[in-house]
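The sequence and the model are shown here.

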Amino acid sequence: MTVNEQHFPYLPERLIRLGDLAYNLWFSWHSRSIRLFQFIDYKLWEDVKHNPVRLLHEIDPQRMDEVAGNDRFLKRYDKVIDLFDQYMIRKKTWFQYHYSDKKDALIAYFSMEFGLHESLPIYSGGLGILAGDHLKSASDLGLPLIGVGLLYREAYFTQYLSMHGNQQSIYLYNDYSSMPITPVLEENGDPLIVEVAIEDRPIALRVWKARIGRVPLYLLDTDFPENHSDDRDILKRLYVGNRDLRLVQEILLGVGGVRALRAMKYDPTTWHMNEGHCSLSSVERIREMIQEKTPWEKALKTTRKSTLFTTHTPIRAGNEVFAADRVAHFLQSMQTNGGISIQSINSLAQDEHNPDANAFNMTILSLKTSDHANGVSQLHGQISRQMWHSLWPQLPPDKVPIGAITNGIHTRTWMTSEMKNLLDKTLGIDWRYHLMQKDFWEKIEQLPDAQLWKTRQILRRRLRNDIRCRLIAQRERNGETPEAIQEAQQLLNRNALTIGFARRFAPYKRATLLLRNRDWLKAILNKSGMPVQLIFAGKSHPENQPGKTLIKDIYTESRNPDFAGKVLFVEDYDMAFARRLVSGVDVWLNTPRRPMEASGTSGMKAAANGALNCSILDGWWREAYDGKNGWAVGEEREYYNEWEQDEADSHSLYQMLENEIIPLFFQRDENDVPAEWLKRVKRSMKMIIPVFNTDRMVKDYMEQYYIKTI
Ligand SMILES: *Cc1c(COP(=O)(O)O)cnc(C)c1O
């Protein structure tokens with residue numbers, strides 16, 4: 001467990017355990033632990049993007065000696081190490097309590113991306129963050145679970161906007177030696193390497209380990225000298241546009257992932273595929289059995305019984321399809337030594353009732369190789385059953401075996417320390433262990449209004465200060481005029497109703513819905529005595545031109561005198577800025593084109609921090625909204641066309657802002673506290689926190705699916 005201290009240039013003996021902390025993402029959801037690193041060097045902590053491994057690499061040795069002699073620091077250090085050790089060895093976990101007889105259970109969780117923390121930038125957006133939060137809760141609940149993913153040589157891009165609002169993408173190099181990961185070694189000390197043949201060429205994969213509390217995450221990488229220089233670049237980037245390259249990446253994840261687990265002597269009882277990217281893991285498992293002379297039917301059946309597939313895509317066209325001849329080409333070596341025939345593999349990825357001989361559909365492959373499947377909200381489950389009905393033509397649509405488990409968030413990651421402190425005072429520190437008990441959260445009603453409001457004000461002001469710094473840096477970088485830079489120092493009103501919208505810029509998310517009727521928006525933003533400001537953030541995939549155009553449209557409005565200072569776009573949305581934004585806004589806006597948002601999670605993060613949701617009744621919000629804990633935009637119905645739907649939804653949104661949200665926020669008592677607003681906030685917190693979190697979600701996965709496989 002102990003990470004070798006030789007990783008660091010200088011770590012005083014008294015502080016030797018900082019190495020263990022730095023190499024375990026546990027630090028990222030424990031505010032005390034983060035404060036420890038901040039104490040060492042606050043500025044450096046910011047400069048190294050909250051990466052403790054880099055901090056310990058780059059810290060001045062003199063400073064290290066200084067803190068090693070600081071009693072206040074040492075007291076905190078001892079406390080954090082004690083908490084960490086207790087966490088790591090704790091026997092009385094939820095899993096132990098409920099499943100102590102399941103000694104052999106082992107769940108392998110595969111995902112193309114994992115969003116754990118900004119110090120491990122191998123994620124793009126919601127799918128990865130969900131996977132990261134899944135691992136964190138699995139660790140908290142004591143589940144025997146291991147993650148499997150890919151290690152990318154470049155971080156999913158850093159976003160800059162040019163002076164004219166064009167998105168620039170910069171791919172920063174991931175220096176593995178200063179990330180919180182360590183190579184997995186063989187007994188003799190050599191790095192563990194597994195091989196997967198692509199075409200007929202073997203590709204070597206190194207295996208790395210990240211520690212997420214008690215859960216290991218294994219990451220595969222190709223960038224080392226054993227590989228041909230072209231092959232070293234296969235895993236350069238996440239979500240490459242080149243189809244062949246993407247397919248090869250998914251082969252490495254699925255086939256390589258299984259081989260890596262075997263090489264480490266893991267024998268999972270349960271295989272969980274997070275989205276279709278990893279479903280070639282099933283093919284590899286079938287191949288293993290066939291090579292051992294198991295008949296095809298039995299190999300398929302055995303694989304299916306132990307596999308769970310989670311789908312995230314509510315439109316059929318959004319599901320990943322490769323050209324079958326390319327799959328056959330790259331996977332030819334799977335046939336050798338009595339392996340699995342290409343025809344058999346291909347048949348698993350085809351819908352016989354809608355034949356398309358050259359379409360190798362990864363979602364169909366996933367569904368056909370798993371007995372267990374689910375969507376990520378109740379509505380999404382229903383949509384998925386309709387969408388894949390053709391695979392089960394003999395069943396009525398509602399009997400299609402795709403269930404639903406609604407997504408959640410890892411509350412301890414997404415709630416700010418200010419809100420945690422407030423809850424500690426009112427609910428007691430053990431609220432952390434009651435994230436699945438709704439009645440416990442009734443106590444939220446006891447939060448004193450004045451303190452809750454004060455916390456909200458602090459969070460909003462901190463967001464304002466942060467955005468100002470970012471905008472100043474952006475304008476300086478773009479060589480803007482001194483006036484424009486000075487203006488950035490004054491932007492944003494610390495008392496204004498602050499509305500946030502941030503996520504990937506996929507067109508169905510309709511980031512510009514609020515800009516549809518400019519005059520109406522202008523009137524709403526300019527009511528005297530009722531200041532309102534809108535903050536946007538998010539990246540567009542670099543090859544998605546419509547997404548980039550939306551960003552440019554928002555940026556252009558933000559520089560238009562009609563909206564200057566009231567509509568802002570903040571660059572480079574990542575987990576660090578997401579934590580700031582979801583906690584600092586008063587209203588979190590989500591306007592997907594229904595029913596295309598499978599679940600959505602950022603609104604849950606906002607609610608955990610006392611912001612109110614204003615959202616289309618899609619995904620999770622359809623389940624959470626009760627009429628009084630936020631606002632619903634538009635209606636639950638279908639439209640003839642997108643224009644009609646956008647028109648109706650934007651109308652509904654403007655009216656709601658004008659007639660309900662803004663007046664309520666500015667309705668103040670004699671102490672300038674918005675009592676009615678806070679009533680909604682409390683209702684939202686007590687209803688959303690104990691349901692829409694990953695402890696509840698992982699518990700559901702355990703009880704509804706994992707248990708059936710062990
Ligand atoms: C939570 C989060 C997302 C996902 O947001 P959705 O509301 O699910 O679209 C994307 N990016 C970042 C950085 C996040 O923190």
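## Terms and basis

A residue is called buried when its relative accessible area is under 20%, exposed when over 50%, and partly exposed in between (1.4 Å probe, protein chains only). The model is predicted: local features need pLDDT of at least 70, side-chain atom pairs count only at pLDDT 80 or more, and totals for chains, interfaces and linings use all residues. Residues are numbered from 1 along each chain as its sequence is written, and side-chain values use heavy atoms, with hydrogens and water left out.

## Overall build

The protein chain contains 28 helices and 20 strands; these are DSSP runs (helices H or I, at least four residues; strands E, at least two), numbered from the N terminus. Its radius of gyration is 25 Å, close to the 27 Å that the globule rule gives for 710 residues, so the chain is as compact as a globular protein of that length. The radius is taken over C-alpha atoms, and the rule is 2.2 Å times the number of residues to the power 0.38. Along the principal axes, the C-alpha atoms fill a box of roughly 80 × 70 × 55 Å.

Of the 710 residues, 61% are buried. Contact means heavy atoms within 4.5 Å. Among contacts between residues at least 6 apart in sequence, 73% join residues at least 24 apart.

## Helix α12

Helix α12 spans residues 296–305, and Ala-299, Leu-300 and Thr-303 are buried in it. Viewed down the axis of α12, the buried residues fall within an arc of 95°, so they line one face of the helix. That arc is taken from the directions from the helix axis to the C-beta atoms.

The other side of α12 carries the exposed residues Glu-297, Lys-298, Lys-301 and Lys-305. The cover over the buried residues of α12 includes α11 (280–291), β10 (307–310), α14 (342–348) and α15 (362–368).

Glu-284 is part of helix α11. Glu-284 is buried, at a relative accessible area of 1%. Apart from neighbours within four places in sequence, Glu-284 is in contact with Val-255, Val-258, Arg-259 and Met-334.

Gly-603 sits in helix α24 (residues 602–608) and is buried, at 5% relative accessibility. Not counting residues up to four places away in sequence, Gly-603 touches Trp-588, Asn-613 and Trp-620. Between Gly-603 and Ala-502 there are 101 residues of sequence separation and 10.0 Å in space, C-alpha to C-alpha.
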